[in-house]
Amino acid sequence: MRLFKRKYNQAALLAKELGKLSNLSYTPFAIKRLRHTAPQAGLSLKQREKNLKKAFKISNKEIIENKIVILVDDVVTTGATVRSCSQEILNSGAREVRVLSLARTVNDCEAIT
């Protein structure tokens, strides 16, 4: 539904181009959202983790078994989404998950250096 509203998936566009540049496999539908979740904006870390519990599923375990998977996200805020996806990827047989993000939000208490 969110993709339909936005008309594009910025993380998928980024992953596709990185795949081309690095000669790595791009598999856009390897992980799927099982259920609609409330938007994460405005939720605490604990609420975000609860919101995402059992929200993702690997579509074909064979494509990730014993592989190092690069998970691409456009913006990492609390890390709840990438942790949830990474856990599902590891539980499905991947050897390792590496996360690549274009941006990371900064907590009000963190200094920007």
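How many helices and how many strands are there in the chain? There are four helices and four strands, where helices (H or I, at least four residues) and strands (E, at least two) are DSSP runs, numbered from the N terminus. Along the sequence they follow the pattern α-α-β-α-β-β-α-β.

The model is predicted: local features need pLDDT of at least 70, side-chain atom pairs count only at pLDDT 80 or more, and totals for chains, interfaces and linings use all residues. Residues are numbered from 1 along each chain as its sequence is written, and side-chain values use heavy atoms, with hydrogens and water left out.

**The chain as a whole**

Of the 113 residues in the chain, 26% are buried. Buried means under 20% relative accessible area, exposed over 50%, and partly exposed in between (1.4 Å probe, protein chains only). The chain exposes about 8,500 Å², and carbon and sulfur atoms supply 56% of that area; accessible areas come from the Shrake-Rupley method with a 1.4 Å probe, and for residues only the protein chains shown count as cover. Contact means heavy atoms within 4.5 Å. Among contacts between residues at least 6 apart in sequence, 68% join residues at least 24 apart.

**The nonpolar core**

A nonpolar core is a set of buried Ala, Val, Leu, Ile, Met, Phe, Trp, Tyr and Cys residues joined through side-chain atoms within 4.5 Å. The largest one here has 14 residues, and those with the most contacts inside it are Phe56, Ile64, Val69, Leu71, Ile89 and Ala94. Strand 2 (56-58), strand 3 (68-76) and helix 4 each give two or more residues to this core. Helix 4 gives the most, with four residues. Leaving out residues up to four places away in sequence, Ile64 touches Ile58, Val69, Ile89, Ser92, Gly93 and Ala94.

**Helix 3 and helix 4**

Helix 3 (residues 45-52) packs with helix 4 (residues 80-91) at an angle of about 35°, and their axes are 9 Å apart. Axes are lines fitted to C-alpha atoms, for helices over the stretch in contact, and angles run from 0 to 180 degrees between N-to-C directions. Leu45, Arg48, Glu49 and Leu52 of helix 3 make the contact with Ala80, Thr81, Arg83 and Ser84 of helix 4.

| Residue | Relative accessible area | Class |
|---|---|---|
| Arg35 | 33% | partly exposed |
| Asp73 | 16% | buried |
| Asp74 | 18% | buried |
| Asn66 | 61% | exposed |

Arg35 is found in the loop between strand 1 (31-33) and helix 3. Apart from neighbours within four places in sequence, Arg35 is in contact with Lys50, Asn51, Leu52, Lys53, Lys54 and Ala55. From C-alpha to C-alpha, Arg35 and Leu52 are 9.2 Å apart in space, while 17 residues apart in sequence.

Asp73 is in strand 3, and Asp74 is in strand 3. With residues up to four places away in sequence not counted, Asp73 touches Ala11, Val82, Leu100, Ser101 and Leu102. On that basis, Asp74 is in contact with Gln10, Ala11, Ser101, Leu102 and Ala103.

Asn66 lies in the loop between strand 2 and strand 3. Although not a glycine, Asn66 has a positive phi of about 55°.
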